[in-house]
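Dear colleague,

I am handing over the structure below for your files, and my notes on what was found in it follow directly after. Please read them with the coordinates open.

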Amino acid sequence: MRLTSMHYTRLASSPSSLLTITSYPRLTTEQMLRKDQKTIYRQGTKVAISTIYMDLEAFLQRSGLIADLHAFCQAHSYDVLVAMTIFFNMNNEPVRQLAIFCPHVALRMTICGVLERSDAPSLKLTSIPSTHPNLQAYLQGNTQVSRKKLLPLLQEALSAYLDSMQIPAGPPEIVGVSREQVDKEMNRAGNSLIPGVSQDEEDPPLPPTPMNSLVDECPLDQGLPKLSAEAIFEKCSQISLSRSTTASLSKN
């Protein structure tokens with residue numbers, strides 16, 4: 001089965017369908033974070049960026065979340081965890097939120113400062129109150145800024161932090177792997193817009209997302225193009241925005 005514009009339109013008109021496909025209610029916090037994750041490195045500083053398809057408020061209310069985030073970062077030697085949440089509201093409008101978890105005050109403040117001040121692109125961030133001092137949450141007003149567009153800002157924030165600590169930033173690096181693995185990772189990075197970005201391939205694969213009636217009979221990995229949930233969301237967001245513009249013009 002090939003996803004056509006008709007299927008994207010159906011997904012855009014039924015946000016609950018997209019959430020059914022991409023939410024992971026039975027997975028642990030670590031599995032949710034690693035289901036759709038990128039990692040960037042600079043001079044031993046390691047940042048994980050995870051995309052989660054649910055409301056940030058619901059995610060932050062998970063039992064034992066802060067302990068899970070600490071354990072996740074310690075287990076994988078992450079200095080920072082950036083969670084990007086995405087969902088559709090009741091009006092079929094996309095909503096993006098950000099959460100930056102980092103026990104290192106200076107590093108967290110630097111990253112938050114770069115994201116808040118950015119104007120190319122502008123994220124239009126609104127701070128969300130957090131009860132934990134190591135976690136800063138935001139509502140992202142500019143829903144067109146996806147993870148791919150956020151990665152350069154995080155690279156900039158890491159460089160600014162290293163400069164402030166008087167540590168040479170240098171090029172992005174991959175640490176703790178063999179030369180063969182480094183070559184493989186560099187080849188992957190060469191095909192990406194952002195050098196030094198990788199997924200954690202050294203860890204065991206996660207269990208598959210529970211199947212449902214929407215996808216039981218439609219395995220998309222049997223020789224068909226790979227489509228990430230992020231790509232589907234972007235397409236749905238574009239369709240939703242186009243419909244809103246058309247409706248406004250019709251009324252005028």
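Predicted model: local features only at pLDDT ≥ 70, side-chain atom pairs only at ≥ 80, totals over all residues.

The sulfur of Cys112 lies 8.6 Å from the closest cysteine sulfur, which belongs to Cys102, and this is too far for a bond. A disulfide here is a pair of cysteine sulfur atoms within 2.5 Å, and by this rule the count comes to 0 disulfides. Cys73 is likewise in no disulfide, its nearest cysteine sulfur being that of Cys102 at 8.1 Å. Cys112 counts as buried at 8% relative accessibility, and Cys73 is buried as well, with a relative accessible area of 6%; the term buried means under 20% relative accessible area, exposed means over 50%, and partly exposed covers what is in between, all with a 1.4 Å probe and protein chains only.

Residues are numbered from 1 along each chain as its sequence is written, and side-chain values use heavy atoms, with hydrogens and water left out.

Turning to the backbone, the peptide bond from Ala120 to Pro121 is cis, with omega near 5°, and Pro121 sits in the loop between helix H6 (105-117) and strand E5 (125-128). Helices (H or I, at least four residues) and strands (E, at least two) are DSSP runs, numbered from the N terminus.

Positive phi values also deserve a look. Gln43, although not a glycine, has a positive phi of about 45°; Gln43 is placed in the loop between strand E1 (37-42) and strand E2 (45-52), where it is partly exposed, with a relative accessible area of 34%. Ser77, also a residue other than glycine, has phi near 60°, and this serine belongs to the loop between helix H5 (65-76) and strand E3 (80-88), with a relative accessible area of 52% that makes it exposed.

Finally, helix H7 (residues 147-164) has 18 residues, which at 1.5 Å a residue should span 26 Å, and its end C-alpha atoms are 25 Å apart, in agreement; the expected span is 1.5 Å times one less than the number of residues in the helix. Among the buried residues of H7 are Leu150, Leu151, Leu154, Leu158 and Tyr161. An α-helix has 3.6 residues a turn, so residues three or four places apart point the same way. Just after H7, Gln166 takes a positive phi of about 60°.
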